[in-house]
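Welcome, and please keep your viewer open. We will walk through this model one selection at a time.

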Amino acid sequence: MDDYNGPIDLIRQHRPDIPITCFHRAALDNAARWFTENFPGKTLYAVKANPAPYIVTGLFHSGIRNFDVASIPEIQLVRELCPEAGMSFMHPVKSRPAIEQAYFDYGIREFAFDSAEELEKIVSCTSGGKDLTLILRLAVPNTYSELPLAGKFGASPEKAIGLLKAARKAGQRLGVSFHVGSQTMKPQAYTTALQLVGGILQSLPRTPVDIIDVGGGFPSIYPDMIPPPLAEYKLAIERGFACLPQPQSCEFWCEPGRALVAESCSVIVKVELRKGDVLYINDGTYGSLFDAGQMGFRFPVRLIRSADDGPGAPLKPFRFYGPTCDSIDYMTGPFFLPKDVKEGDYIEIGQLGAYGNTMRTGFNGFSSTETVGVLAPPLVTMYGDPSNNALHLKKTPQLPNKRTLPHEKPEDSKAQAEKQPQGRAAEHAG
Ligand SMILES: Cc1ncc(COP(=O)(O)O)c(C=O)c1O
């Protein structure tokens, strides 16, 4: 991987015609260090957030020695890159061959489940369970999450009681995990979830647990989603742990994805055409900007010109179209850029280290991308020097979260947002 001082050097030297991922090494290290120094237990990196080899090895070298894996290819990747790393198979629904392969070929002993059927699969596809760590995924409220994950996985508290008793008998070690939803904007979410865990454990005095895993959900920072400092999440979790009826030997885990890697990559895109307030750029919803297109994320942006055109013009809001022929390849933003932005300009889009490149498809032939290392800090940060943050955190108008296609009337999307029971839409509506 070639290294540059910053995106501007790359642009001036190469004027790239494909989107370029900039890997901000120091940002990855800062995030890893925050978790290893502050989380009161073991940090597992959720590989799904970004499986790029430089991310996986970078985190390992920065002290993250354990990985939350969800598939055999993720297991193979981690084993190949970091043979000494610990792995836990945290997907609550796995195929039988995947369980067998994880257990017999890769020596994995830690498995998540959220139903009696999955528990039976895990026990019968391994050597009977006696050397297993079985981790129940509990359903918890995702009220403060911008990307709620509730619904698909998680046992209800009523079902959890029977499942924990059964897993205590079946395995060697027992754990409880949950996920408060991605990009959780209030530490209170962990307090509520840990209170729920506490209530369940209280009703099971003869079923001690060995692991409490608070999952992912730790937030990153975006122009319209500025969470409280991570220290407040740490405090809520520590207080929650302190109230749990658990044995002295109980281990605490977390499984961050987004918060560990979001700041570590930005993407440089080129403006191919401007039509009024719409910029046609060379990356989009089928590339690294899925969350901008489908989830309405407003990533921080800055204009970079290949030649110095003097002081920038005042900012104005823009929308983006990606390079494919599909009209859902559209990112409503708004993204605030100098009002004279034009064809041939470049834009650095920040906070794309999590769920960015990993979502890239080759649809319509737009698959080319390259990665370079940069010394420059990320556009915004939760960890390093926040002095630049204000520059790129243009607070945007309170728009509905759901993507607004160009043919939709604003009232349509407003009505859509009002139907959303939780998450960003609810916050905006409220
Ligand atoms: C089991 C599990 N753990 C951790 C994560 C990471 O979540 P986040 O990126 O919100 O930290 C996910 C994300 O889907 C997950 O499914």
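Helices here are DSSP runs of H or I with at least four residues, strands are runs of E with at least two, and both are numbered from the N terminus. Axes are lines fitted to C-alpha atoms, for helices over the stretch in contact, with angles from 0 to 180 degrees between N-to-C directions. This is a predicted model, in which local features need pLDDT of at least 70, side-chain atom pairs count only at pLDDT 80 or more, and totals for chains, interfaces and linings use all residues. Residues are numbered from 1 along each chain as its sequence is written.

Start by selecting α2 (residues 25-38) and α3 (residues 53-61): their axes come within 9 Å and cross at roughly 45 degrees. Now show R25, L28 and A32 in α2, which meet I55, G58 and L59 in α3 (contact means C-beta atoms, placed from the backbone, within 7 Å).

Next, select α6 (residues 116-125) and colour its buried residues, E118, L119, K121, I122 and V123. Buried means that 20 or more other C-beta atoms, placed from the backbone, lie within 10 Å of the residue's own. Among the elements covering them are α5 (96-105), β6 (110-113), β7 (133-138) and α7 (157-170).

Keep α6 and α7 on screen: they pack at about 10 degrees, with axes 11 Å apart. Where do they touch? A116, L119 and V123 in α6 meet L163, A166, A167 and A170 in α7.

Finish at the ligand: of the 17 residues around it, A46, S182, G216, G257 and R258 come nearest (near means a C-beta atom, placed from the backbone, within 6 Å).

Methods: A residue is buried if 20 or more other C-beta atoms lie within 10 Å of its own, exposed if 12 or fewer, and partly exposed in between; C-beta atoms are placed from the backbone. Two residues are in contact if their C-beta atoms, placed from the backbone, lie within 7 Å.
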